[in-house]
Amino acid sequence: MLAFLMLRLEAPLMSFGCEAIDANGPTRDFPDASLLTGLLANALGYSRYETAKHQRLQDRLVFGVRIDRLGHDLRDFQTAQLSRTDQSWTTRGKPEGRTGGERTYDSPHIRLRHYRADAALTLAARLVPPDEPPTLDDLAIALDHPARSLFIGRKPCLPSAPLLIGIRKGNTCVAALQAMHPAEGALDRCRFMIPRREADALSASSIIHLTGRRDWIAGIHAGEETVAILTLPTQARDGADT
(Lines give C-alpha, C1' and ligand atoms only; values in the text may rest on other atoms or scores of the structure.)
Protein backbone atom coordinates (compact mmCIF):
# COMPACT_ATOMS: atom_id res chain seq x y z
CA MET A 1 0.00 0.00 0.00
CA LEU A 2 1.16 3.50 -0.82
CA ALA A 3 0.97 6.52 1.49
CA PHE A 4 -0.78 9.66 0.26
CA LEU A 5 -0.84 13.19 1.63
CA MET A 6 -4.49 14.26 1.62
CA LEU A 7 -5.41 17.91 1.10
CA ARG A 8 -8.73 19.76 0.90
CA LEU A 9 -8.56 22.78 -1.40
CA GLU A 10 -11.52 25.00 -0.54
CA ALA A 11 -11.74 28.77 -0.66
CA PRO A 12 -14.05 31.59 -1.75
CA LEU A 13 -11.72 32.04 -4.73
CA MET A 14 -9.10 29.72 -6.22
CA SER A 15 -7.09 30.01 -9.42
CA PHE A 16 -5.56 27.09 -11.31
CA GLY A 17 -3.83 29.02 -14.06
CA CYS A 18 -3.41 27.66 -17.57
CA GLU A 19 -2.13 29.12 -20.83
CA ALA A 20 -2.62 32.90 -20.80
CA ILE A 21 -3.27 34.83 -23.99
CA ASP A 22 -2.19 38.47 -23.90
CA ALA A 23 -3.81 39.99 -20.77
CA ASN A 24 -6.41 37.22 -20.37
CA GLY A 25 -5.50 34.71 -17.65
CA PRO A 26 -7.96 31.77 -17.60
CA THR A 27 -8.13 29.03 -14.98
CA ARG A 28 -8.54 25.27 -15.12
CA ASP A 29 -10.92 23.33 -12.90
CA PHE A 30 -8.02 21.62 -11.07
CA PRO A 31 -4.42 22.34 -10.03
CA ASP A 32 -1.34 21.27 -11.94
CA ALA A 33 2.11 20.11 -10.82
CA SER A 34 3.73 23.55 -10.70
CA LEU A 35 0.94 25.00 -8.51
CA LEU A 36 1.13 22.11 -6.04
CA THR A 37 4.93 22.38 -5.98
CA GLY A 38 4.76 26.08 -5.22
CA LEU A 39 2.15 25.57 -2.50
CA LEU A 40 4.19 22.89 -0.72
CA ALA A 41 7.46 24.78 -1.17
CA ASN A 42 5.85 27.86 0.39
CA ALA A 43 4.75 25.78 3.40
CA LEU A 44 8.29 24.39 3.72
CA GLY A 45 9.75 27.91 3.60
CA TYR A 46 11.74 27.49 0.38
CA SER A 47 13.08 30.71 -1.06
CA ARG A 48 12.09 31.49 -4.64
CA TYR A 49 15.80 31.33 -5.44
CA GLU A 50 16.10 27.70 -4.27
CA THR A 51 15.16 26.50 -7.72
CA ALA A 52 16.86 23.10 -7.46
CA LYS A 53 14.74 22.26 -4.39
CA HIS A 54 11.57 23.28 -6.22
CA GLN A 55 12.54 21.21 -9.25
CA ARG A 56 13.29 18.10 -7.23
CA LEU A 57 10.02 18.40 -5.30
CA GLN A 58 8.02 18.70 -8.53
CA ASP A 59 9.85 15.76 -10.09
CA ARG A 60 8.93 13.53 -7.13
CA LEU A 61 5.22 14.44 -6.97
CA VAL A 62 2.53 12.02 -8.13
CA PHE A 63 -1.01 13.20 -7.41
CA GLY A 64 -4.68 12.97 -8.26
CA VAL A 65 -7.60 15.33 -7.68
CA ARG A 66 -11.32 14.87 -7.10
CA ILE A 67 -13.56 17.85 -7.85
CA ASP A 68 -16.06 17.67 -5.00
CA ARG A 69 -17.75 20.96 -5.86
CA LEU A 70 -17.03 22.66 -9.17
CA GLY A 71 -18.21 26.11 -8.14
CA HIS A 72 -18.42 28.65 -10.94
CA ASP A 73 -16.14 30.79 -13.03
CA LEU A 74 -15.60 34.36 -11.85
CA ARG A 75 -13.89 36.84 -14.16
CA ASP A 76 -12.12 39.78 -12.55
CA PHE A 77 -11.47 42.91 -14.62
CA GLN A 78 -8.33 44.49 -13.19
CA THR A 79 -6.88 47.91 -13.89
CA ALA A 80 -4.01 49.53 -12.01
CA GLN A 81 -1.43 52.25 -12.27
CA LEU A 82 1.36 51.85 -9.71
CA SER A 83 4.03 54.27 -8.62
CA ARG A 84 7.39 53.52 -7.04
CA THR A 85 5.98 54.23 -3.58
CA ASP A 86 3.19 51.66 -3.89
CA GLN A 87 3.68 48.47 -1.89
CA SER A 88 2.03 45.06 -1.82
CA TRP A 89 1.92 42.32 0.79
CA THR A 90 4.04 39.20 0.49
CA THR A 91 4.27 35.79 2.12
CA ARG A 92 7.65 36.76 3.54
CA GLY A 93 6.20 38.89 6.34
CA LYS A 94 7.15 42.31 4.95
CA PRO A 95 5.74 44.59 2.24
CA GLU A 96 7.31 44.62 -1.19
CA GLY A 97 7.93 47.86 -3.07
CA ARG A 98 8.64 48.52 -6.71
CA THR A 99 11.90 49.57 -8.33
CA GLY A 100 12.63 51.63 -11.41
CA GLY A 101 11.18 54.98 -12.42
CA GLU A 102 8.63 57.11 -10.69
CA ARG A 103 5.89 55.15 -12.46
CA THR A 104 6.01 51.65 -13.90
CA TYR A 105 4.00 52.81 -16.93
CA ASP A 106 2.16 55.90 -18.14
CA SER A 107 -1.20 54.23 -18.72
CA PRO A 108 -3.25 51.92 -16.47
CA HIS A 109 -2.47 48.23 -16.85
CA ILE A 110 -5.63 46.31 -17.82
CA ARG A 111 -6.04 42.56 -17.58
CA LEU A 112 -8.61 39.81 -17.02
CA ARG A 113 -8.10 37.17 -14.34
CA HIS A 114 -10.36 34.13 -13.96
CA TYR A 115 -11.09 32.30 -10.69
CA ARG A 116 -13.05 29.29 -9.47
CA ALA A 117 -15.54 30.64 -6.94
CA ASP A 118 -16.96 28.46 -4.14
CA ALA A 119 -15.22 25.32 -5.40
CA ALA A 120 -13.88 22.44 -3.31
CA LEU A 121 -11.39 19.75 -4.28
CA THR A 122 -9.76 16.81 -2.54
CA LEU A 123 -6.16 16.02 -3.50
CA ALA A 124 -4.05 12.90 -2.90
CA ALA A 125 -0.29 13.22 -3.39
CA ARG A 126 2.66 10.88 -2.88
CA LEU A 127 6.40 11.24 -3.33
CA VAL A 128 8.78 9.06 -5.35
CA PRO A 129 11.04 7.96 -3.78
CA PRO A 130 9.11 8.16 -0.48
CA ASP A 131 12.08 8.20 1.92
CA GLU A 132 14.00 11.11 0.42
CA PRO A 133 13.55 14.38 2.33
CA PRO A 134 11.23 16.11 2.42
CA THR A 135 9.00 13.13 3.22
CA LEU A 136 5.21 13.11 3.44
CA ASP A 137 5.55 13.54 7.20
CA ASP A 138 7.72 16.63 6.62
CA LEU A 139 5.08 18.06 4.28
CA ALA A 140 2.31 17.32 6.77
CA ILE A 141 4.17 19.17 9.53
CA ALA A 142 4.85 22.09 7.18
CA LEU A 143 1.19 22.35 6.17
CA ASP A 144 0.11 22.32 9.82
CA HIS A 145 2.68 25.01 10.67
CA PRO A 146 3.54 26.72 7.37
CA ALA A 147 6.61 28.91 7.17
CA ARG A 148 4.60 31.53 5.28
CA SER A 149 0.98 32.32 4.49
CA LEU A 150 -0.51 29.87 1.99
CA PHE A 151 -2.70 30.70 -0.98
CA ILE A 152 -4.25 28.60 -3.75
CA GLY A 153 -3.03 29.96 -7.05
CA ARG A 154 -2.89 33.71 -6.47
CA LYS A 155 -2.28 35.80 -3.37
CA PRO A 156 -5.96 36.77 -2.85
CA CYS A 157 -6.94 33.06 -2.81
CA LEU A 158 -6.68 32.27 0.88
CA PRO A 159 -8.00 28.84 1.97
CA SER A 160 -11.18 28.64 4.04
CA ALA A 161 -9.66 26.07 6.43
CA PRO A 162 -6.36 24.25 7.03
CA LEU A 163 -5.40 22.37 3.87
CA LEU A 164 -4.15 19.16 5.47
CA ILE A 165 -6.66 16.34 6.01
CA GLY A 166 -4.11 13.69 6.90
CA ILE A 167 -2.08 10.83 5.44
CA ARG A 168 -3.99 7.86 4.02
CA LYS A 169 -2.99 4.49 2.54
CA GLY A 170 -4.17 3.29 -0.86
CA ASN A 171 -3.11 1.35 -3.92
CA THR A 172 -3.77 4.30 -6.23
CA CYS A 173 -4.66 7.98 -6.12
CA VAL A 174 -8.26 7.05 -6.92
CA ALA A 175 -8.44 4.60 -4.01
CA ALA A 176 -7.06 7.19 -1.59
CA LEU A 177 -9.49 9.84 -2.86
CA GLN A 178 -12.53 7.56 -2.73
CA ALA A 179 -11.70 6.61 0.84
CA MET A 180 -11.80 10.28 1.90
CA HIS A 181 -15.11 11.90 2.80
CA PRO A 182 -16.01 14.60 0.25
CA ALA A 183 -16.58 18.28 0.88
CA GLU A 184 -20.08 19.54 1.63
CA GLY A 185 -22.22 19.75 -1.48
CA ALA A 186 -20.41 17.02 -3.43
CA LEU A 187 -22.36 14.87 -5.87
CA ASP A 188 -22.52 11.06 -5.75
CA ARG A 189 -20.30 10.98 -8.83
CA CYS A 190 -17.45 13.44 -9.30
CA ARG A 191 -14.80 14.22 -11.86
CA PHE A 192 -11.31 12.94 -11.12
CA MET A 193 -7.98 13.97 -12.59
CA ILE A 194 -5.44 11.17 -12.17
CA PRO A 195 -2.01 10.20 -13.56
CA ARG A 196 -2.21 8.64 -17.01
CA ARG A 197 -0.64 5.40 -15.75
CA GLU A 198 -3.61 4.82 -13.40
CA ALA A 199 -6.21 5.17 -16.15
CA ASP A 200 -5.52 1.89 -17.97
CA ALA A 201 -7.80 -0.14 -15.68
CA LEU A 202 -10.52 2.52 -15.68
CA SER A 203 -12.79 4.08 -18.26
CA ALA A 204 -11.28 7.50 -18.79
CA SER A 205 -13.47 10.00 -20.59
CA SER A 206 -10.45 11.89 -21.93
CA ILE A 207 -6.68 11.91 -21.94
CA ILE A 208 -5.24 15.41 -22.01
CA HIS A 209 -1.80 16.99 -22.17
CA LEU A 210 -1.14 19.73 -19.62
CA THR A 211 1.57 22.36 -19.87
CA GLY A 212 1.53 22.38 -16.10
CA ARG A 213 5.10 21.43 -15.32
CA ARG A 214 7.59 24.21 -14.67
CA ASP A 215 11.29 24.35 -15.40
CA TRP A 216 12.17 25.89 -12.06
CA ILE A 217 15.83 26.35 -12.96
CA ALA A 218 15.06 28.37 -16.10
CA GLY A 219 12.01 30.01 -14.53
CA ILE A 220 9.55 29.11 -17.31
CA HIS A 221 6.72 26.67 -17.93
CA ALA A 222 8.34 24.27 -20.36
CA GLY A 223 7.16 20.80 -19.35
CA GLU A 224 4.15 18.70 -20.27
CA GLU A 225 2.35 15.91 -18.46
CA THR A 226 -0.38 13.53 -19.55
CA VAL A 227 -3.36 13.04 -17.25
CA ALA A 228 -6.71 11.26 -17.42
CA ILE A 229 -10.08 12.89 -16.72
CA LEU A 230 -12.92 10.59 -15.70
CA THR A 231 -16.14 10.49 -13.69
CA LEU A 232 -16.36 7.97 -10.85
CA PRO A 233 -18.35 7.40 -7.67
CA THR A 234 -17.25 9.98 -5.14
CA GLN A 235 -16.67 7.28 -2.52
CA ALA A 236 -15.86 3.59 -2.97
CA ARG A 237 -18.74 1.18 -2.54
CA ASP A 238 -18.59 -1.53 0.15
CA GLY A 239 -14.98 -0.71 0.98
CA ALA A 240 -13.79 -1.57 -2.56
CA ASP A 241 -10.25 -0.47 -3.38
CA THR A 242 -9.70 0.77 -6.92
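Me: How much space lies in the second largest pocket?

Reply: About 210 Å³ of space lies in the second largest pocket. That volume is the space filled by probe spheres set on grid points, which are joined across faces, edges and corners. Before we go on, this is a predicted model, in which local features need pLDDT of at least 70, side-chain atom pairs count only at pLDDT 80 or more, and totals for chains, interfaces and linings use all residues. Residues are numbered from 1 along each chain as its sequence is written, and side-chain values use heavy atoms, with hydrogens and water left out.

Me: What makes residues such as Asp59 and Val227 part of the lining of the second largest pocket?

Reply: A pocket is an open set of points on a 1 Å grid over the protein atoms alone, with protein on both sides within 12 Å along at least five of seven lines, and lining residues have an atom within 4 Å of a point. Asp59 and Val227 are listed in this lining, and so are Phe63, Met193, Arg213 and Glu225, among others. Strand 3 (61-69), strand 7 (189-195) and strand 9 (220-233) each give at least two residues to the lining.

Me: How do the lining residues of the second largest pocket divide by class?

Reply: Six are nonpolar, one is polar and five are charged. The nonpolar class holds Ala, Val, Leu, Ile, Met, Phe, Trp, Tyr, Cys and Pro, the charged class holds Asp, Glu, Lys and Arg, and the others, Gly among them, are polar.

Me: Why are helix 1 and helix 3 called roughly perpendicular?

Reply: The axes of helix 1 (residues 33-44) and helix 3 (residues 136-144) cross at roughly 75° and come within 8 Å. The class "roughly perpendicular" covers 65 to 115 degrees. The two helices are therefore roughly perpendicular to each other.

Me: Which residues of helix 1 and helix 3 meet?

Reply: Leu40, Ala43 and Leu44 in helix 1 meet Asp138, Leu139, Ala142 and Leu143 in helix 3. Of these contact residues, six are nonpolar, none is polar and one is charged.

Me: Why is Gln58 called buried?

Reply: Buried means under 20% relative accessible area, exposed means over 50%, and partly exposed lies in between, with a 1.4 Å probe and protein chains only. Gln58 has a relative accessible area of 1%, so Gln58 is buried. Its place is in helix 2 (residues 51-60). Helix 2 also has His54, Gln55, Leu57 and Arg60 among its buried residues.

Me: Why is His72 called partly exposed?

Reply: His72 has 45% relative accessibility, so the in-between class applies and His72 counts as partly exposed. His72 lies in strand 4 (residues 72-80), and touches Tyr115, Arg116 and Ala117, not counting residues up to four places away in sequence.

Me: Why is Asn24 called partly exposed too?

Reply: The value for Asn24 is 30%, so Asn24 counts as partly exposed. Asn24 is in strand 2 (residues 24-25) and touches Leu112, Arg113 and His114, again leaving out residues up to four places away.

Me: What makes Asp118 stand out in its phi angle?

Reply: Most residues other than glycine have a negative phi, and most peptide bonds are trans. Asp118, a residue other than glycine, has a positive phi near 60°. Asp118 sits in strand 5.

Notes:
Axes fitted to C-alpha atoms, helices over the stretch in contact; angles between N-to-C directions. Helix = DSSP H or I, 4+ residues; strand = E, 2+ residues; numbered from the N terminus. Parallel < 35°, antiparallel > 145°, perpendicular 65-115°, else oblique. Contact = heavy atoms within 4.5 Å. 1 Å grid on protein atoms, 1.4 Å probe; cavity = no way out; pocket = protein on both sides within 12 Å on 5 of 7 lines; lining within 4 Å.
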